Amino acid sequence: MKNWAKKTFKLKEKHILLALLLIALLGSQSIIYSGYSVGVDAWPHFVRTKFIYDWLRNGEFPFFSFFFYSGYPALRFYSPLLYLIAGSLAWLLGGQVFWAMKIVLFLTNILSGLLFYWWLKEIGKDSFQSFFGSMVYLLIPWRIHYAAGIGTYPLFLIAVFLPLAFIALERLLKNPSLKNSLFLGLMLSLLILSHLVYAVWSFFFLFLRFILYLFSQANRSKLKAFLFSLLALLLTFLNSAFFLLPFILNYKNYSFPQVYEKLPVPNPLVLFGFLSETGGYTGFYLGWSIILLIGLAIYLRIRNKEFFQDIVPIGLTVSLLLTFIPVFLPRGEPLLTAGLPPQRFLFFFVFFAGILAIEGFTFLKDRFSNFSMVGKGASYLLFLIIIFDCLPRNIFPAYQSREELLGLRDEIYEILKREPVVKLVDIDIPTEGIDIVRRICKFPAYGFLFGNCPTVYGPPYHQFAPKSMLYVYPWINQLAFDLGDSTTPVLSENSLKIIRLCGISHIISLPTLLTWGADSTVVCLKDGLIWDNRFILAGAKPPLAIGEYPYSPLFLASNVKKPLPTETVTQEKSFSIADDWQTLLEAIEIDHEKGFCNFIPIKENSQQQILDGEDPEIAITNLALTHSKVEAELLASKDCFLRVALSYYPELQLRLDDKNIPLEETKDHFITFFCPAGRHNIKISKCWNPFEKYAFYLSLFSIGLSLVLFIPRNYSKTQKQKIGDIPK
Amino acid sequence: MTKREFLILFVVFSILFVLPVWLVEFLPFVDLPQHLNFVHILRNYHNPKLHYNKIYVLRLFPTHNTFHLFFNYLLSFLFPLAIANKIYLTISILLFPLALWFLIKQLGGNEQFALLGFLFSYNYNLFWGFLGVNVGIPLILFLIGLEISSLTRDRVEFNLLLMTILFVMLFLCHSLVYIFSVVVYLVILLFNLKLLPWRKRISLTLPFIISFVITFLPWQAKQFRGEGSELQEQVRQYISPSALWQNIMNLFQRIGIKTDQSLIFIFKITFILAILTTFNLIRQKGVRQLWKNNYRMIFLFILITLIFYLFFPGEYTEAVFLNERFAPLLFLLFITLLALNFSNLNNRILRYILILIPILVGINILVRFILFGIDTKDLKAMISRLNERGKLVGLFYQRRPKPDYFGYDVYIHFPCYYQIYRQGLCGFSFAYIRYSPIVYEEPNPLPRIDEWTTWNSIFPNNWTIYDYFLVYGEPRLQDEDIIKKWRKVEEKGNWRIYENLPVKKAWEEINNWLSQKDLSKYNRILIPPFVDEKFIQIPTHLKRFDYQTVAKMILTKRISASDIFPCLAIWLKDDNRDYAEIFGYMNTNETFNILEYQFTPIYNSTKGYLIIYDIR
């Protein structure tokens with residue numbers, strides 16, 4: 001009889017899990033549709049995935065790329081786990097970066113529902129309650145729209161690891177042991193490696209749970225739990241040291257000055273569904289069915305004086321407070337949001353809503369059962385209400401076709417793949433605008449992903465752009481203005497200087513519009529570049545042209561290194577720029593053909609140096625650019641100083657004919673060094689610095705040790721249990 | 001709930017739901033301005049000042065979709081057009097709960113549920129401005145209610161009369177609702193034949209037969225153009241898995257306000273409750289219960305509605321037959337089903353729900369209308385300040401208010417208000433559509449333009465025809481170059497009105513030229529039609545003709561070229577109205593010959609918008 005009951009229960013559980021899987025599949029379908037993401041924020045994630053793919057394919061040094069920002073420490077300041085997984089999958093799939101990411105997101109979304117189910121079972125909910133709570137966690141429409149629609153992809157991993165972290169903490173609190181410490185440490189480090197800011201707030205909520213535990217337990221078990229929690233924290237640090245240590249040590253030096261923009265909190269009317277969403281920051285529908293169940297649960301908690309009984313209602317309230325409190329904080333908001341939209345805290349609302357909704361469900365189910373017309377179908381009624389309310393809102397067009405996305409650029413990228421592109425700038429519409437999102441975020445990503453083109457811009461976020469961007473942003477803005485200026489037929493000397501100083505080899509732009517009237521449209525392509533005008537077609541939207549700079553743009557030679565005063569950082573629109581960008585531009589004279597400039601500006605505290613003789617002349621051949629190194633053969637007519645349009649980082653290494661040569665930072669934060677006359681092989685690369693190396697080994701050791709101590713113990717225990725189950 | 005409480009609530013809800021219509025000047029119903037414009041044209045058809053009888057042709061009967069036109073036309077003898085229209089809308093709003101009440105009563109359901117009928121007063125059909133279909137839906141409920149009552153009554157003469165009137169009204173509302181009502185009516189009759197004596201069977205078919213003979217049959221005879229292949233294509237297109245999937249997925253978005261999830265949530269709950277309680281009923285009493293008594297009627301009704309909603313082809317002989325229009329009806333029937341399933345329920349919770357939901361929905365709709373009213377509050381004054389009898393086109397780069405209160409493109413037909421207030425012509429008119437009750441005389445006075453993305457028809461060349469531009473939203477970058485040339489007459493809130501300054505200036509140059517030249521050798525002058533009278537000063541000795549009239553007269557062979565030529569002619573560059581087919585060479589600004597006449601350009605305005613030809 002007992003066996004039969006057990007069997008029946010297992011069968012039910014299996015059915016419930018199958019139903020949950022089906023709901024997860026249906027609710028995740030939008031992620032796996034074909035096409036390309038509509039949300040701007042998605043593109044940096046694809047770029048980072050391609051970094052990993054490229055690094056794996058080429059066997060290169062990770063965590064640096066010369067493809068963006070003229071070189072920057074990629075993934076050093078952005079949690080890398082999602083990209084490590086998606087990039088590795090892309091490698092296995094033969095370079096299918098987009099599909100790799102979609103598969104990872106699709107699977108993690110499904111997995112998050114199943115893990116949440118496990119978490120609910122762990123805290124004592126029955127199978128149907130756990131199923132119901134997991135369904136809520138999966139289907140709250142805001143979650144998938146914020147994660148997949150807007151493109152907050154790391155949230156998918158957080159949705160997986162947060163329930164696991166809570167499971168680990170609950171286990172540690174119930175049974176403080178080394179195994180549970182290892183489990184918690186591993187989960188916390190995975191949170192850190194998924195997304196640092198979400199991880200910090202996840203830690204906060206886990207800490208709240210811990211505090212509540214301390215208030216409710218006897219002293220002895222408290223101490224034990226405390227000690228093992230400290231061990232878990234230590235392990236967390238060690239596991240993620242390869243990312244965390246360089247981040248902490250370099251954070252201050254490498255951060256780029258930011259103009260803080262207060263981002264709006266989500267609109268409650270949109271969250272309640274009274275208004276349709278009008279943009280990324282206004283939020284999305286939370287689901288009336290879920291709101292009502294949560295409201296009912298909170299009412300019951302307050303009525304029964306159980307509001308502070310556990311973390312769930314507190315966590316839910318705190319997450320809502322964090323979401324909306326920035327409205328009332330004139331100054332302290334960045335501390336909470338790290339400069340990102342406050343609606344991110346709604347994720348924690350979703351997490352706690354999944355648990356709290358169960359209480360509303362249980363109450364209503366009991367009440368409805370009394371109605372003769374509903375009877376035993378009360379559970380199904382509530383289940384159907386959630387499904388009907390939320391599931392259709394989870395199915396939405398998150399992607400657009402390649403044709404819609406790229407238009408003519410698709411063909412242009414195919415051409416550029418075969419060209420020696422040193423750096424590409426996609427001006428798009430040639431108008432002034434330093435922070436036009438398409439120009440600085442979308443098109444650089446498209447160029448890299450579809451055309452494998454390096455660029456002067458970088459993938460957002462710009463918090464860790466190199467300092468050279470203080471000059472590059474206003475320079476490119478000036479170049480775009482000049483390209484759109486219909487009063488001159490030739491690119492100005494300043495524009496050509498900008499191209500050379502930034503190391504730009506190719507430009508994509510709409511042609512300059514001269515007149516547009518009833519009869520005809522007259523456009524021109526300004527002299528100064530070699531234009532490919534095949535894409536200026538009647539009816540093509542938009543008509544585009546590729547402009548090629550006729551010389552090798554990366555190197556400039558000079559006899560003079562001249563110190564100039566340090567720049568002051570000022571603001572233009574939403575960007576920080578150097579105040580002297582124009583003065584500097586006008587002071588430098590360039591002979592484009594010879595690759596000579598009148599002087600190389602260096603930092604204020606450096607020594608002026610002058611070499612005698614005629615103006616140097618350089619010729620570049622065999623220029624090759626990969627993520628981790630730039631190589632070229634250079635012929636210098638005489639001893640000279642070289643300026644390379646690569647962003648300066650102290651860990652960059654220069655080898656001139658296999659000899660290490662010290663690098664110096666220019667005033668505009670690029671690279672300069674001394675080059676003797678003659679033919680040379682130049683190699684600039686990023687190398688490990690000691691603490692990066694040791695932090696990496698530390699993490700490797702710690703993760704390995706955790707796995708050795710954690711998995712086999714579990715494995716042997718399972719084996720023992722299985723042996724024990726055999727009837728004697 | 002007592003009968004008295006129910007009636008008090010009904011009155012209170014009636015006031016609450018009617019209030020939005022009376023509070024705002026402009027209403028957010030997409031096609032409404034076009035329908036109002038038709039009433040305005042009909043009302044002024046013989047007004048000698050407006051010459052509508054020369055611009056439009058009436059095809060009033062037998063034509064479907066004319067209920068709003070006739071109703072408002074008649075009422076406009078008593079009230080101003082705006083008030084007449086509000087009376088019409090008030091009636092349509094109240095018809096929903098009344099019709100639902102009537103049907104539930106005839107089926108023996110719980111009448112309290114009729115209060116939920118108010119939720120459908122502002123429905124998909126009303127927001128799209130399908131004003132005939134909107135009234136037709138509750139009329140179907142009345143019709144079927146009467147049929148159900150007639151099945152059990154001995155004396156049905158009065159019912160027969162009422163049903164015949166209802167059938168005729170349904171045809172006038174829209175042929176789609178007429179066809180649907182006929183199908184439902186006959187199917188219900190068919191499944192109840194066994195219960196009826198022969199005489200009654202025949203008498204109950206009479207309302208359909210009479211209405212069919214006097215309305216549908218002559219309309220079909222007039223409309224039919226042998227478009228079988230088109231219909232087959234429509235069937236293929238609409239009865240496909242993807243169309244079916246779309247219809248199912250979008251069901252809840254096609255009931256009322258699209259952008260309000262709280263309303264959609266209520267509809268979803270209604271749907272789930274109706275389905276689940278019916279399953280429970282089957283579980284308790286067996287599947288045969290569904291075929292008993294009144295359940296049979298409601299199930300047949302729901303089944304046919306569902307079939308029409310899921311599979312009906314989109315167009316038939318050019319009458320737009322959107323299956324989506326049945327979604328609100330489907331939900332009215334779900335409520336009827338609920339009223340049957342809960343026929344004996346009368347407790348406190350139900351009372352609270354039936355009071356709370358309409359109040360919340362009513363306030364929700366009221367707030368939205370007030371906010372919409374704020375967005376449009378200055379528009380009437382702006383339009384009223386424009387010159388009379390000009391040509392205005394709307395450029396709605398944003399077709400909805402922001403935030404989007406309703407989820408419908410409510411602004412696209414607002415240029416019609418210019419015709420209503422200032423008797424001009426508007427960019428897009430239903431008069432272009434040949435099955436309309438009022439159509440343009442051919443050749444059309446203005447080129448037919450894209451209804452949804454007007455700018456595609458207007459830019460870069462065709463804007464010169466119009467005098468005014470009503471702009472809402474941010475223009476496309478390339479359009480801004482041309483818009484810069486216009487003069488902004490007024491800007492209020494999100495609305496902007498521009499005047500066609502380049503062409504106006506060109507007319508000033510032309511007037512100047514005409515006043516300086518000796519034109520005594522000419523007797524006639526040919527000018528573009530519908531030019532603002534204030535733009536043009538023609539010497540009195542010249543007899544005026546416009547291209548539109550001349551083209552029409554030449555086409556109908558009422559005049560020959562020698563009756564017009566030789567003459568002076570002013571040509572508007574890039575004018576692509578229908579008459580341009582005859583005079584198209586004039587756009588070349590070159591000398592050419594047609595028949596024995598030579599056309600010679602003798603003056604060009606500075607920017608080339610107007611050209612004067614000497615024709616001899």
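**Close-ups of a two-chain predicted model**

**View 1. Where chain B meets chain A.** The contact draws on 24 residues of chain B and 21 residues of chain A; two residues are in contact if their C-beta atoms, placed from the backbone, lie within 7 Å. On the side of chain B that touches chain A, α13 (261-285) and α20 (477-483) each supply at least two residues. The biggest giver there is α13(B), with nine residues. By class, that side of chain B has eight nonpolar, nine polar and seven charged residues. Here Ala, Val, Leu, Ile, Met, Phe, Trp, Tyr, Cys and Pro count as nonpolar, Asp, Glu, Lys and Arg as charged, and the others, Gly among them, as polar. A word on the model: it is predicted, local features need pLDDT of at least 70, side-chain atom pairs count only at pLDDT 80 or more, and totals for chains, interfaces and linings use all residues. Residues are numbered from 1 along each chain as its sequence is written, while chains are lettered from A and ligands numbered from 1 in the order in which they are written.

**View 2. Chain B on its own.** Chain B has 23 helices and 15 strands; these are DSSP runs numbered from the N terminus, with helices (H or I) of at least four residues and strands (E) of at least two. Its C-alpha trace spans about 95 × 50 × 50 Å along the principal axes. Of its 616 residues, 43% count as buried, and a residue is buried if 20 or more other C-beta atoms lie within 10 Å of its own, exposed if 12 or fewer, and partly exposed in between. Take the contacts in chain B between residues at least 6 apart in sequence: 74% of them join residues at least 24 apart.

View 3. V177(B) is found in helix α9 (residues 175-190) of chain B. Why does V177(B) count as buried? Because it has 30 C-beta neighbours inside 10 Å. Leaving aside neighbours within four places in sequence, V177(B) is in contact with V133(B), G136(B), I137(B), I140(B) and L170(B). R325(B) sits 148 residues away along the chain, yet the C-alpha atoms of V177(B) and R325(B) are separated by 9.2 Å. Not counting residues up to four places away in sequence, I140(B) touches V177(B) and also L170(B), F180(B), S181(B), V184(B) and L329(B).

**View 4. Helices α2 and α3 of chain A.** The axes of α2(A) (residues 42-58) and α3(A) (residues 81-92) come within 8 Å and cross at roughly 55 degrees. Axes are lines fitted to C-alpha atoms, for helices over the stretch in contact, and angles run from 0 to 180 degrees between N-to-C directions. The two helices are therefore oblique to each other: angles under 35 degrees count as roughly parallel, over 145 as roughly antiparallel, 65 to 115 as roughly perpendicular and the rest as oblique. Among the residues that meet here are F51(A) and I52(A) in α2(A), and L84(A) and W91(A) in α3(A). The contact has ten nonpolar, four polar and two charged residues.

**View 5. Helices α13 and α17 of chain A.** Here α13(A) (residues 288-303) and α17(A) (residues 378-394) have axes that come within 8 Å and cross at roughly 130 degrees. That makes this pair oblique too. W288(A), S289(A) and I290(A) in α13(A) meet I385(A), I386(A), D389(A) and C390(A) in α17(A). That contact divides into five nonpolar residues, one polar and one charged.
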